[in-house]
Amino acid sequence: MSIDFTTATFKDFENIPDFNILQRAEAFSDFLEYMKSNGRMHYRLRNTTGTNAILNVSIAEQNKQYVSFVSSDYLGFTQHPKVKQAAIEGIEKYGTGTGATPLIGGYFDYHYRLEKKIAEFFGREADEAVVFTTGYTANSAMLQCLMKGEDLAILDMAVHASVHEGCAFTNKKTFQHNNLEHLEHILKASEDQYRTKLVVIDGVYSQDGDIAHVREIYDLVKKYNAFLMVDDVHGIGVLGKTGRGTLELTDMLDKVDIMTGTLSKTFGNLGGYVVANKKIVTFLKFQSRQQIFSATATPSSAGAIKAIELIDEEPEWRVKLWDNINYFKKGLDDLGLDTGVTCSAVVPVKIGDPHITGDVGRLLMENGIYTNPIIYPAVSRKDARIRMSVTARHEKEHLDRTLNVFEDINRKLHIAKK
């Protein structure tokens, strides 16, 4: 079997019929070489400086500076001196690792303080949060623990891959993105068929940057005696009067049954968390396989504790972030580019054609702008786009430089809305 590299995506190499594991790997290696030769290899590039508005990237063993839009460090806390110092102090006190899983000796005082800080940040009791190794595993491990063969997960079609993996051992249905009518149809049709029905949505969706209809979805969920889970990794620190995210924005912080998030974006660290009532959280601590068989947060996560505190102590970072978002989005809109329905720090430029999108990504890199071209299967085949994350670390000069490059690219490739 041969694959046409001119139209191929990563997904085409997941499972090639009659190819063993080595043959699949060899075919994929050839595809990567093809992408490199066409200037479209924007993945797993080696960064030689820390996450910031300007990033040094090593390409073909040459270091170059780029204006970076590839990081979700929305408030820039990975580089905040107080966050760094807290991480250093955590290592100095506890060392570099835990040496065991949380269940059998790898649960330390800093884990307790981190879980307590997360719970209190969302107005919950101290024992209503549990930390996981990553945001991905917070979703996947939690769902695998709670949802079994007698249950049903009902997912917005745009939720993260970690949610789909978490539903591997349960029944699963998807509804059209933010479509209340379709959701109600599924809830009604499955009303008496399953032990537990859990509706799973994002707060902010990672590709379009739009916001879930949380209040309306919650009302539907409760009408049909189901539970609601919200993954708000892209909303925390960005949305809401005090940065508590989509649920604060929609006045639903005390309503949702389960909320998940990450420490790797706004909180400038690594890890994930689940917030729910005490009994569900306790169940996860003793029943989730990730809590039983894997270590969790390292002592450097003390930096995340400080980052959570800074949301309230230094709100000026969120103010600057929104100044940047509004300025950049207006600039793109003024150029006639399609930024879709974003209401967050995720700003796409929607192009449609995947090949033109690849060309745009290449031209951006050639002009010192590092972005993520997003194509199928991350989005539908005709909905390719350049995806950018705006942060508080960007200055107007970075945004203006990027807008000027987009203007030049539009003259060449005519990517503005017709």
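Okay, quick definition before we start: when I say helix, I mean a DSSP run of H or I that is at least four residues long, and helices are numbered from the N terminus. With that in hand, look at the structure above, which is a predicted model.

Let's begin with D18. You'll find D18 in the segment before α1, the helix that covers 21–37.

Buried or exposed? D251 is exposed, because its relative accessible area is 53% and the cut-off for exposed is over 50%.

Next, a peptide bond. Y376 and P377 are joined by a cis one, with omega at about 10°. P377 is in the loop between β13 (372–374) and β14 (384–389).

That brings us to strand β14 itself, where R385 has its place. R385 has 0% relative accessibility, so this residue counts as buried. What does its side chain meet? There's a polar contact of 3.0 Å with the side chain of D208. A polar atom of the R385 side chain also lies 2.8 Å from the backbone oxygen of Q207. Leaving out residues up to four places away in sequence, R385 touches a whole list of others, including P348, V349, T357 and I374.

Note on methods: Residues are numbered from 1 along each chain as its sequence is written. This is a predicted model: local features need pLDDT of at least 70, side-chain atom pairs count only at pLDDT 80 or more; totals for chains, interfaces and linings use all residues. Side-chain values use heavy atoms; hydrogens and water are left out. Helices (H or I, at least four residues) and strands (E, at least two) are DSSP runs, numbered from the N terminus. Buried means under 20% relative accessible area, exposed over 50%, partly exposed in between (1.4 Å probe, protein chains only). A polar contact is a pair of N or O atoms within 3.5 Å; within protein, one must be able to donate a hydrogen and the other to accept it, and residues adjacent in sequence count only if both atoms are side-chain atoms. Contact means heavy atoms within 4.5 Å.
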